[in-house]
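Biologist: I've got this one up on my screen and would like to talk it through with you. Could you take my questions as they come?

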Amino acid sequence: MFLELLKYGFVFGILLSLISLGFSLIYNILKIVDFSHTDRLTIAGYSFYILSFHLNIFYSILISLCITVIFTIFTERFVYSSMREKGTSALMLTSFGFSIVIQSILAILFTSEIKPTNIIEHAISNTGFYLRELILIPVSLLFLGLLTLFLKKSKTGISIRAIISNNERALFYKLPIKRYISIMFGISGLLAGIAGISLSISNGIFPTMGFKYMIFSFAACIIGGLRNLTGVVIISILLGVLIIFSEAYISSLASEGMALGILLLVLILKPNGIFGEKLREI
Amino acid sequence: MKEIITLSPGFSFSYSGRENYIIQIPKESEPMTIEYGKIYGIQGPNGSGKTTLLNVLNGFLRPTEGYITYYNTKTFNISKRSFKENVTVIKVANFLDGVRRLFQVPILADDISVLDSMLLVKRNKLDERFWNSFNPQKLILRLINRAKESDTEEAKALLKEFNFNDPSVSNSTLSYGQRRLITVLQMIFSDATLLLMDEPFANIHDDYVKKIKILLKLYIKGRNRSIVIIEHDNNNMKDFVDIIWTLIDTNITVKENG
Amino acid sequence: MELILSLVTKFIIYSIFLISLNNLMIGKSGYWAIGHICFFYIGAVVTGILSVIYHFSASLIYLTFFIAPLISSVIAFLLSVSTSRLKGDFFMFISISIAILCNVAAEYIAGPSGFSGINRPAGLTSDISILSVSIVFFILTIIYVKNFNRHPLNRIYSLTRTSEKSAMSFGINVLRNNVKIFILSSIIASISGILFAFYSTGTDPQRFSLNEAVILFALSIIGGIDSIKGSIIAAIFYVLVIYLLDSLFSGVSDIYATKIASLVFGLILILAIKYKPNGLFGKRKI
């Protein structure tokens, strides 16, 4: 039981780290908390749900990932980019409004009840493996590695890190920020898509499924220190294990409360996160 | 007691903690003081830590080594912070009530009038009690007998002298230069013990600069007040400042003017 | 006649809530408190707990006017202390999370369909009497807010919104001021929640969900931040739109009415930010 839970927690933590990485990438480039980030999970989940009726599983995963990435980039291009000059508070209110719009459209189209997507999983579980551990976890680990390589080695990646560390100086060097913003949104959409499909396979889909993960990934981002991507991944995995254990031994309500409790505690004791460097205000 | 603020010998400040000192006072030198009735000018090349020094004096930043004393009360001593010294920090907060700071970029609330932002400086603590906002009677009484009108009249006169003929106009209609002027006038209008001003004469018309200088001289004359300014223009320094602090290579040198 | 009475009562109660959100919370402190609806909910749910679970008698139930504001001001205090650390979107997030937690906690206590059959207090048993109490409270709130706008405190909050650092350098205790305004607006919001619970004799969780929080928040931006006229017009608009949607979809499904309402108001929020950041009557931009 304990080992089983530990394994589940680790898997959940990796998925959580995908979400929180996207979250912190967007935070670092636009300096906003993107409230509609976890709706990309929902979009990925629903498109996977629809496609899996018609297509083979690998194609449906691939196509729904494409849909999520395109949706994410379009969100940035057509909704966010025109608001950027109005300041961060206008932008985050927009992202909040947009999230509500997406959720209510999905609820109107598909009703708000939980749709199970575990049909395929059962087919595979006969052989003793779960789909997400077989395919999605290696895939997401691969993506995490690729992302690290991309940010560390490639020229675009280095520029993006430059933007993360100092937005204004990047403007000064005339980096093509608009393109990089699109790339960042694309990456975070891809990560969210993987996490979304994987979570919808095990937990089913419903229009407001993103919100719970929003709380967890936000907590992970803050605790890990928003600028420190490694810290975010480590904390996400730890938090994932913790959440699975508290869900198993207490209740799912307790896990949300606990995540928020830890978050508040960290904000009071170490406002820059455990791994975050100190930021000056004056 | 002449000193308002004393920076101890061996005082230093750095953002990172240990090395990379931005401001330093040698251990063997005299303590640096701010005394009543004097105007202090800070000069130095760009990036030499002038604004940082002002932030330290303002209590926004704590010294890395050494200590600052306000009214001869030692505070912010990082190396030996005890319970007793924490108590004095609270006293310093009271003291800092009497400090007004002019920032390099003018900060004015957009949705209040010019007159309101002047009155904001000379605050009446009793008027600002939150419970008073529940009591319309008090407000009406105050409107009728106009007890506090002297402040308003004074502010209006000061504004008129600098060509702000309509004091009820909103701050959002002002240009950058006018905003700067208003923030400087706020300083003149205040009743603070210590004014910390970051380049008060930048972006302001020469005629006004003369007037402001006279008013600032009047501000400290015969009262327990003093002024610290950062200034780039040597001419302004010469005829206005009593003591010059020069910041070069993290070291502060103190020199009498003239 | 009954319909008009119910619409007017709802309008008055929502106006009180919107004034506490728009003119005090957002207008004075400048924090985007989307989760402000939790205070409304606390008012209603505490009344439900006292009446349904503890069976308070019709005269004893007046105690809710003390207990609910007390609880909500404790939560408002915690929230306002967090402002010393959290700015902007971080605060927005914490505010939403607290609203969600209150919602979940209330569901745990009251069950998924909320309380029903709340006793009205002695002397306030008819709809008209509740309406008149609400009107009295509404007028008092408006007088207070108007008074506040002329008070020297107003300019202090104005400077604090613009720059906390500048306010601190003027000797203003920013945190203490935030605590005061948060507690005050939470008390007013919880009283509107109590009135709502007494009027509808139940706590329908639909009326306190996150969707509803967004709708009310969008309304205060549409009406114009820190504008009393804006809040009142927005409350009228809200009551009418909800009534229309409810009567349109009353036979079809519950989801449609609420979801279409939140879709409409979400779109209005985005469009208002884009094309009319001042709102209808506001002077201040987002």
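This is a predicted model: local features need pLDDT of at least 70, side-chain atom pairs count only at pLDDT 80 or more; totals for chains, interfaces and linings use all residues.

Biologist: What is the area buried between chain A and chain C?

Modeller: Contact here means heavy atoms within 4.5 Å, and 40 residues from chain A and 34 residues from chain C take part. Buried area is the accessible area (1.4 Å probe) that the two parts lose on being put together, summed over both. Carbon and sulfur atoms give 83% of the total, which is about 3400 Å².

Biologist: Which residues of chain A lose the most area to chain C?

Modeller: Three residues together make up 18% of what the chain A side buries. They are A:Leu93, A:Phe96 and A:Ile108.

Biologist: Which element gives the most to the side of chain A that touches chain C?

Modeller: Helices are DSSP runs (H or I, at least four residues), and strands are too (E, at least two), numbered from the N terminus. Those giving two or more residues to this side are H4 (88-110), H10 (210-224) and H12 (252-269) of chain A. With 14 residues, the top contributor is H4(A).

Biologist: In the hairpin of E11(B) and E12(B), which residue takes a positive phi?

Modeller: Strands E11 (residues 243-248) and E12 (residues 251-256) of chain B pair in the antiparallel sense over six bridges; pairing needs at least two bridges found by DSSP. B:Ile243 stands opposite B:Glu256. Two residues lie between the strands, and the one with a phi near 50° is B:Asp249.

Biologist: How many helices does chain C have?

Modeller: From the N terminus on, its elements run α-α-α-α-α-α-α-α-α-α-α. There are zero strands, and the helices come to eleven.

Key: Residues are numbered from 1 along each chain as its sequence is written. Chains are lettered from A and ligands numbered from 1 in the order in which they are written. Side-chain values use heavy atoms; hydrogens and water are left out.
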